[in-house]
Amino acid sequence: MTLAETCPTIRRIGVLTGGGDCPGLNAVIRAVAMDALSCGIEVVGVEDGYLGLIENRLRPIGDRDLVGILNRGGTILGSNNKSNPSAFVVGKNPPPPMGDGKPILKDVTPKCLDNLRQHGVEALVIIGGDGTLTSAATFNRLGVPTVGVPKTIDNDIVGTEITFGFQTAVAVAADAMDRCRTTADSHHRAMVVEVMGRNAGWIALHSGVAAGADVILLPEIPFDMTSIWQKIIHRSKRGRKSTLICVAEGAKPKGGQQFVGKIDPTSPDPIRLGGVGKWLADEIETQTGIEARYVVLGHVQRGGTPTAGDRVLSTILGNHAMTLLRQGKVGRMVAVQGGKLTDIDLEEPAGKQRLVTMDDPVVHAARAVGTCFGD
Ligand code: F6P
């Protein structure tokens with residue numbers, strides 16, 4: 001069969017990266033676009049996620065755009081985590097007593113469909129997290145053949161056991177913790193490192209285990225402060241030079257609330273977590289008398305070069321997305337299950353989160369090497 005026969009109908013596809021960025025996005029764009037171009041399918045890139053689709057900012061992607069991007073962080077297309085086409089912020093109500101001060105939302109999906117038609121885009125590859133993929137499913141339902149590629153450093157998308165970006169975030173966080181350990185040892189301190197992950201503890205769990213953190217605190221296991229003091233004091237009495245505590249931004253004390261760093265009312269998911277690291281370090285110092293410091297790794301985990309593992313994962317996921325499109329198997333999200341490449345219904349991950357479970361082998365192994373989870 002010739003290449004033209006394997007991709008008979010689609011003449012032009014659109015590629016969009018939505019939500020928070022992560023390392024490996026460019027590697028997916030490259031895999032998708034190189035495959036398409038090699039089949040004679042034209043590629044159009046949508047700038048800045050759904051915002052660019054709403055504002056009609058689409059541009060052709062050619063061979064030259066793909067040179068040198070495999071290992072480049074971020075996304076050459078730009079991204080946006082505030083623009084949901086079904087509920088797009090078009091203004092703001094006046095503050096009380098005149099109004100409720102809330103954003104005014106409008107469904108601008110028809111405008112997006114017009115813009116796609118105008119650019120002759122016949123199918124979409126949408127790379128994003130749960131919010132972006134939920135909108136991707138809408139476009140597919142409205143007749144634009146769409147395949148989704150799951151992305152997030154948080155690794156919390158339902159239906160796939162790994163997302164690209166995660167391995168890089170874990171490597172960055174583990175490296176940072178190795179560095180925190182040596183300075184904490186010198187000063188006999190407790191060192192708290194706050195990592196990202198939203199409501200899921202995957203980054204904290206994996207980076208904490210990789211760095212040999214003595215305490216790992218996950219959103220999935222509300223922590224008891226007493227067990228943390230006991231661990232720190234016990235280590236100090238046994239002559240351990242320092243205690244390394246890896247805390248997920250979404251972790252919370254038993255009976256308490258998550259720490260909110262910022263609320264962005266213009267975002268479909270307005271809560272930005274943050275602050276637990278500082279709070280914990282202050283509490284540790286007060287309760288144990290042992291000097292404590294904290295570090296918030298933040299967006300360092302999301303930026304920069306993807307690891308080799310993430311480049312490979314991004315490439316195979318992007319390639320599978322194109323294979324599905326060429327086979328006419330649309331409304332699917334590419335996924336990894338049981339270590340194998342597969343695909344699931346694009347509607348499946350909508351509004352859900354994949355969290356760490358207590359029977360996870362990494363949790364078991366961490367407990368076996370003496371890690372305290374604060375429970
Ligand atoms: O979902 C990815 C993520 O980096 C989370 O880990 C974090 O809570 C959030 O995005 C931060 O969002 P923003 O870039 O809008 O501050």
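Keep in mind that the model is predicted.

**Stop 1: the two domains.** Colour domain 1 (3–164 + 306–345) and domain 2 (166–303) separately. Their centres, taken over C-alpha atoms, are 32 Å apart. Now look at where they meet. Here 23 residues of domain 1 are in contact with 20 residues of domain 2.

Stop 2: The largest pocket has a volume of about 1100 Å³. Select Gly20, Asn81, Arg198, Asp269 and Arg272. Of the 48 lining residues, these are the closest to the centre of the pocket. Next, show the elements α5 (130–141), β8 (190–195) and β12 (271–273). Each gives two or more residues to the lining. Which element gives the most to the lining? Select α5, which gives six residues. Then colour the lining by residue type: ten residues are nonpolar, 24 are polar and 14 are charged.

**Stop 3: helix α10.** Select residues 308–327, the 20 residues of helix α10. At 1.5 Å a residue, this helix should span 28 Å. Its end C-alpha atoms are 29 Å apart, which agrees. Now pick out the buried residues in α10; among them are Asp310, Leu313, Leu317, His320, Ala321 and Leu324. As you turn the view, remember that an α-helix has 3.6 residues a turn, so residues three or four places apart point the same way. Step just past the end of α10 to Gly328, which takes a positive phi of about 75 degrees.

**Stop 4: Thr243.** Go to strand β10 (residues 243–248) and select Thr243. Is Thr243 buried or exposed? Thr243 has a relative accessible area of 3%, under the 20% cut-off, so this residue is buried. Show its contacts beyond four places in sequence: Arg181, Arg189, Ala190, Met191, Asp214, Val215, Ile232 and Arg235.

**Stop 5: Arg367.** Finish in helix α11 (residues 361–368), where Arg367 lies. Arg367 is partly exposed, with a relative accessible area of 37%. Leaving aside neighbours within four places in sequence, Arg367 is in contact with Ile221, Phe373 and Asp375. Last, draw a line from the C-alpha of Arg367 to that of Val209. How far apart are Arg367 and Val209 in sequence, and what is their distance in space? They are 158 residues apart in sequence and 9.9 Å apart in space.

Technical notes. Residues numbered from 1 in each chain as written. Predicted model: local features only at pLDDT ≥ 70, side-chain atom pairs only at ≥ 80, totals over all residues. Heavy atoms only, no water. Helix = DSSP H or I, 4+ residues; strand = E, 2+ residues; numbered from the N terminus. Expected span 1.5 Å × (residues − 1). Buried < 20%, exposed > 50% of the residue type's maximum accessible area, 1.4 Å probe, protein only. 1 Å grid on protein atoms, 1.4 Å probe; cavity = no way out; pocket = protein on both sides within 12 Å on 5 of 7 lines; lining within 4 Å. Points joined across faces, edges and corners; volume = space filled by probe spheres on them. Nonpolar A, V, L, I, M, F, W, Y, C, P; charged D, E, K, R; others polar. Domains from an automatic or database assignment. Contact = heavy atoms within 4.5 Å.
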